[in-house]
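Dear colleague,

Please find below the structure that I am handing over to you. My findings are set out after it.

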Amino acid sequence: GAFAGGIGALLGLGGGVILVPFLNVVLGLPFQVASGISLVTIIATSSASSAVKGRMQLVNLRMGMVLEIFTTTGGLVGFALIGKGHADATIEKAFGWTLIAIAIVVLSRIDKRNVIHDPTIDVGRLGGRYEEAESGGVVAYRLKRPVLAFATSFLAGIVSNFGIGGGIVKVPVLNAWCGVPIRTAAATSSMMIGATALVLTIQNYQAGHIVPPLAAAAVLGVLLGTQAGVYVQHRSKAKTHKMVMVALLLTVAALYLFRIGR
């Protein structure tokens, strides 16, 4: 839980990308149970990381609230599609290939940044500004391709049913194709995933997919790890965040695809 919370806060992914494989592969819990427990920890990661001093200046509240409408809708649709009647092996295979596709998106923009060094420009309705030590002052950005951002947020809601948090889809796409800096994408995603996870947690609890003692233990670890993740994020380069994300995505994807193929 602590490691998952640190990675989740650093990258805005929610930590489920670590916790779900651990609960499923190492502890041997069914995939849907692992996903349900992970959703509970995502709420903790979202709350704890958003409350850290200085974090909210990176969050784009207006953009986040608009995208969350699509994400929550996708989450409910995904629960109807994924939460019932699908074999674990099918879900795991889809999970693995989804992670590989996302890693390719991140690699396509590994050396590119979306910050605009003129903070006085018009950022539009869903753009923003924030102070960044790496750039030496206040930077700005604009949201590009809003329709793609909306569609991706809907897809992220569906993917949230894997228990990994919609940030694993939103953060790479917002950064690679929609003009949002990686730090803002991660911080805004961290805020959003809590709302999506709350809705899905209720659904999973009613379906019997959550084991309260294990969820409580994982949450305690997440609350500790989140503080470390936010600390590292403010003191490391944007490219480092992307490299960590790619390595993590490919490792977990390989684990699941290899497991299925045995």
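This is a predicted model: local features need pLDDT of at least 70, side-chain atom pairs count only at pLDDT 80 or more; totals for chains, interfaces and linings use all residues.

The protein chain has 262 residues, of which 56% count as buried. It contains ten helices and two strands, and from the N terminus on the elements follow the order α-α-α-α-α-β-β-α-α-α-α-α. Among contacts in the protein chain with a separation of 6 or more, 79% are between residues 24 or more positions apart.

I looked at the packing of helix 6 (residues 146–159) against helix 7 (residues 167–177). Their axes come within 8 Å and cross at roughly 160°. Since angles over 145 degrees count as roughly antiparallel, helix 6 and helix 7 are therefore roughly antiparallel to each other. The crossing of helix 6 and helix 7 is right-handed. On the side of helix 6, the contact is made by Leu 148, Ala 149, Thr 152, Ser 153, Leu 155, Ala 156 and Val 159. These meet Ile 168, Val 169, Lys 170, Val 173, Leu 174 and Trp 177 in helix 7. By class, the contact of helix 6 with helix 7 comprises ten nonpolar, two polar and one charged residues.

The structure also holds two aromatic pairs. One of them is formed by Phe 70 and Phe 150, which are stacked, with 4.7 Å centre to centre and 5° between the planes. Phe 70 belongs to helix 4 (residues 61–82) and Phe 150 to helix 6, so this pair ties together parts that are 80 residues apart in sequence. How accessible are Phe 70 and Phe 150? Phe 70 counts as partly exposed because its relative accessibility is 30%, and Phe 150, with a relative accessible area of 22%, is partly exposed as well.

Tyr 130 and Tyr 141 form an aromatic pair that is tilted, with 6.3 Å centre to centre and 55° between the planes. This pair links distant parts of the chain, with Tyr 130 in strand 1 (residues 128–132) and Tyr 141 in strand 2 (residues 137–141), eleven residues apart. Are these two residues, Tyr 130 and Tyr 141, buried or exposed? Buried means under 20% relative accessible area. Tyr 130 has a relative accessible area of 3% and is therefore buried; Tyr 141, at 2% relative accessibility, also counts as buried.

With kind regards

How values were computed
Residues are numbered from 1 along each chain as its sequence is written. Side-chain values use heavy atoms; hydrogens and water are left out. Axes are lines fitted to C-alpha atoms, for helices over the stretch in contact, and angles run from 0 to 180 degrees between N-to-C directions. Helices (H or I, at least four residues) and strands (E, at least two) are DSSP runs, numbered from the N terminus. Angles under 35 degrees count as roughly parallel, over 145 as roughly antiparallel, 65 to 115 as roughly perpendicular and the rest as oblique. A crossing is left-handed if the near helix is turned anticlockwise from the far one by less than a right angle, and right-handed if clockwise. Contact means heavy atoms within 4.5 Å. Ala, Val, Leu, Ile, Met, Phe, Trp, Tyr, Cys and Pro count as nonpolar, Asp, Glu, Lys and Arg as charged, and the others, Gly among them, as polar. Rings of Phe, Tyr and Trp (its six-membered ring) pair if their centres lie within 6.5 Å; planes under 30 degrees apart count as stacked, over 60 as edge-to-face and the rest as tilted. Buried means under 20% relative accessible area, exposed over 50%, partly exposed in between (1.4 Å probe, protein chains only).
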